[in-house]
Structure formats: structure tokens, C-alpha cells
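Here are my notes after a first pass through the model. Have a look at it yourself, then read on.

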Amino acid sequence: MIDFVQPSHVILDCHAKDVDDALKFIADKSVELGLGKDADAIYRAFRAREDMGSTGMTDGFAIPHAMDPNITETAVIVLKFAEAPEWKTMDGNPVVYAIALLVPTEEGSGAHLEMLSKIARVLTHANFRKEMEEATDAETIAEAVNKRLHD
């Protein structure tokens, strides 16, 4: 079983002021972590998806996602914001967490949609939302996300 979220892929106290800052941060972090090779191209892929409609969901979560040839492996990066960035959500509540999905183009849209569906299902678990709310370290957050992705 692959753990998509490593503790090193969890960033606590992210200081992005808006969705654009958050997407740039994710793109830069993906290159820093060796998950991608061109942060600007990855950012543009995230931005293009966001321009089709906000990835802000409900209950304090956003699920930005991108598929791009500059992404070198399928991965998930989790941001916990120090203060809620400006990000349009379905319920109007502020975003506390962004669970970002990165998929290489060669994996195909089927893999992208499957992972996106899994992440969206994770958010439906009340216990997951409670675990995330109570989590104070990267290891606990990574474990909570991975556990639900394997359900």
C-alpha cells in the first residue's frame, strides 16, 4: 500500500493570503520535494483548473488539483493555513486545509479522477474532519489522510 502523503508533504501554518498564493506555494513545494520539475508550469496547471471553478469545498477544505507533464509522480500535498486565505467555497466558510492532488499527464485523466474522487470521499467522513481539526503535527495529518485514501 502506497502512502500518498508523507509527513514532508504536510505544511503547517502556511501563510498564503489567497488562493493564488496557495497554488504558487504548492507548485514551488512540489519541485522542492522532487514531485515536479517546473514550478511555473505546475502553477499554471493549478490556476487553469481553478479558473474553471473554485476547488474550495465545504467544512474548511479545498481540493486543488492539477495534471501536467511537469509533475513527475502522483502525490498529495496538504497545507494547513495559519489564517484562512481568500478562497471561494461551496458553503462560504473559510478554508483551513488544502489537500492538493498532483498527477503526471502520462498517468491519464482516469488516474486523476480516481484520486480526486478518493480525496473528495475522505472529506465526507465526520471522524476525518475531527481528526484534522485536532491534529497538531505533520505525522498525524499524513496518517489521517492516508488511512482514508486506503479505505
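**Helix packing and salt bridges**

1. Helix H4 covers residues 126–134 and helix H5 residues 138–149; their axes come within 9 Å and cross at roughly 165°. Axes here are lines fitted to C-alpha atoms over the stretch in contact, with angles from 0 to 180 degrees between N-to-C directions. Helices are DSSP runs of H or I with at least four residues, strands are E runs of at least two, and both are numbered from the N terminus.

2. A word on ground rules: this is a predicted model, with local features needing pLDDT of at least 70 and side-chain atom pairs counting only at pLDDT 80 or more, while totals for chains, interfaces and linings use all residues. Residues are numbered from 1 along each chain as its sequence is written, and side-chain values use heavy atoms, leaving out hydrogens and water.

3. Which residues in H4 meet H5? On the H4 side they are Asn127, Phe128, Glu131 and Met132, and their partners in H5 are Ile141, Ala144, Val145, Lys147 and Arg148 (contact means heavy atoms within 4.5 Å).

4. On to charges: the whole structure has eight salt bridges, each being a side-chain nitrogen of Lys or Arg within 4 Å of a carboxyl oxygen of Asp or Glu. One of them joins arginine 47 and aspartate 20, at 3.0 Å from N to O. Arginine 47 sits in helix H2 (residues 39–52) and aspartate 20 in helix H1 (residues 19–32), so this pair ties together parts 27 residues apart in sequence. Asp20 and Arg47 also belong to a salt-bridge network with Lys24 and Asp51.

5. Lysine 29 and glutamate 32 form another salt bridge, at 2.9 Å from N to O. They are three residues apart in helix H1, which means about one helical turn separates them. Buried means under 20%, exposed over 50%, and partly exposed in between, with a 1.4 Å probe and protein chains only.

6. Where does the partner of arginine 129 lie? Aspartate 59, which meets arginine 129 in a salt bridge (3.6 Å, N to O), lies in the loop between H2 and strand E2 (61–62). Arginine 129 is in helix H4, so the pair ties together parts 70 residues apart in sequence. Aspartate 59 is partly exposed at 43%, and arginine 129 is partly exposed at 24%.
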